[in-house]
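Dear colleague,

Please find below the structure that I am handing over to you. My findings follow directly after it.

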Amino acid sequence: MAVSEVARLPGACVWAVDCCAAHPGWSDVEVRDDRRFVLVRSGRFLRRIDGRESMFDRTVAYLGMPGEVEEFAHPCGGDRCTSISVRSGLWRAIAGDDWALGRSDVYVDARVDLLHRRLLLAGRIGDVDYALAEEIVRLVAVAAHAASQGRSTGRRRGGLPDDAVAAAARAAVLDDEPGSEGLIPLAERFGVSPFGLSRAFSAVMGVSLTRYRNRVRVGRALERIEHGDRDLAGLAADLGFSDQAHMTRTIRVHLGETPTALRMLLSA
């Protein structure tokens, strides 16, 4: 594992954490003394805390708290993350004195994904004290709000826990697995009813499966736009949109911006 400092600010530090190989077994127990918001840049990994396992990828981050006993596994190959460590004074200034943890998992919608990318851009161009600080404050505020909410622990009657159903559906959509082209074939693949799959996913993730699938496609569009792709019609076709206008409408719904505006936001 490689860890490198991206930037250091009063009250916060940003680290790039890269795991370069698959490690399917659980790591040794780790106990940290900082608050940290960990977002995935690529790949995925597992985290176990208090006996509960969660999967993290570009669409789900986690908030780590001081004193937690945690373990990690990397069964799917390497992964790359951004870890934002926040000292208690800055945390209280952003989250408030009465903040309490409700859940560690934080859904990363397209707007948070864009904030993450802009944070990394600010680190690359060296605008640490203002641009990067602003993105850190925004991301920490999002994490604090999301992690203060409760989580679903439901179980479908006679079936798998909601968490397991949602995790399997997430992986299928992220990997474009067979059946992921629609709700009904995806439900058939997992042996659940379409309603059961839809309900379980929404209960765990806080968004519908339809919105999640579009969020994944918008994230892929962000990646391509960030790396200079200018063929929007070809990009729309590659990502499964009916046409360029459909892609533009979907991006605007998730981000409030057009592809052209995003190109400017993601350029130095």
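Strand E5 (residues 45-49) and strand E8 (residues 69-73) run antiparallel and are joined by four bridges. Strands here are DSSP runs of at least two residues (E), helices are runs of at least four (H or I), and both are numbered from the N terminus; two strands pair if DSSP finds at least two bridges between them. Within this pair, arginine 48 stands opposite glutamate 71 of E8, and leucine 46 has alanine 73 of E8 as its bridge partner.

Before I continue, please note that this is a predicted model, in which local features need pLDDT of at least 70 and side-chain atom pairs count only at pLDDT 80 or more, while totals for chains, interfaces and linings use all residues. Residues are numbered from 1 along each chain as its sequence is written, and side-chain values use heavy atoms, with hydrogens and water left out.

E5 and E8 belong to an open sheet of four strands, in the order E3-E8-E5-E6, with antiparallel pairing. Strand E3 (30-31) and strand E6 (52-56) stand at its edges with a single partner strand each, so one side of each has no neighbour in the sheet. E3 pairs with E8 in the antiparallel sense over two bridges, and valine 31 stands opposite valine 69 in E8. Strand E8 is mostly covered, as four of its five residues are buried. Buried means under 20% relative accessible area, exposed means over 50%, and partly exposed lies in between (1.4 Å probe, protein chains only).

A second open sheet has six strands in the order E1-E2-E9-E4-E7-E10, and its pairing is antiparallel. Its edges are strand E1 (2-9) and strand E10 (105-107); each has a single partner strand, so one side of each is left without a neighbour in the sheet. On average, neighbouring strands of this sheet are turned by 25 degrees against each other, direction ignored. Strand E2 (residues 12-19) pairs with strand E9 (residues 79-86) in the antiparallel sense over eight bridges. Valine 14 has isoleucine 84 of E9 as its bridge partner.

Helix H3 (residues 128-147) lies across E1, E2, strand E4 (35-42), strand E7 (60-64), E9 and E10, and runs at about 105 degrees to E1. For such angles, axes are lines fitted to C-alpha atoms, for helices over the stretch in contact, and the angles run from 0 to 180 degrees between N-to-C directions. Contact means heavy atoms within 4.5 Å.

Helix packing

Helix H4 (residues 162-174) packs against helix H5 (residues 183-190) at an angle of about 125 degrees, with the axes 11 Å apart. That makes H4 oblique to H5: angles under 35 degrees count as roughly parallel, over 145 as roughly antiparallel, 65 to 115 as roughly perpendicular and the rest as oblique. The contact is made by Ala168, Ala169 and Ala172 of H4 and by Leu186, Arg189 and Phe190 of H5.

H5 also packs against helix H6 (residues 194-205), at an angle of about 95 degrees and with the axes 8 Å apart. H5 is therefore roughly perpendicular to H6. Here the contact is made by Leu183, Ile184, Leu186 and Ala187 of H5 and by Pro194, Leu197 and Ser198 of H6.

Helix H7 (residues 209-226) has 18 residues and reaches 26 Å from its first C-alpha to its last, close to the 26 Å expected at 1.5 Å a residue; the expected span is 1.5 Å times one less than the number of residues. The buried residues of H7 include Leu209, Tyr212, Val216, Leu222 and Ile225. Just after H7, glycine 228 takes a positive phi of about 95 degrees.

Individual residues

Most residues other than glycine have a negative phi. Aspartate 50, in the loop between E5 and E6, has a positive phi near 55 degrees and is exposed, with a relative accessible area of 76%. Aspartate 176, in the loop between H4 and H5, has a positive phi of about 55 degrees although it is not a glycine; at 52% relative accessibility, aspartate 176 counts as exposed.

Aspartate 162 is found in helix H4 and counts as buried at 1% relative accessibility. Aspartate 162 and valine 29 are 133 residues apart in sequence and 27 Å apart in space, C-alpha to C-alpha.

With kind regards
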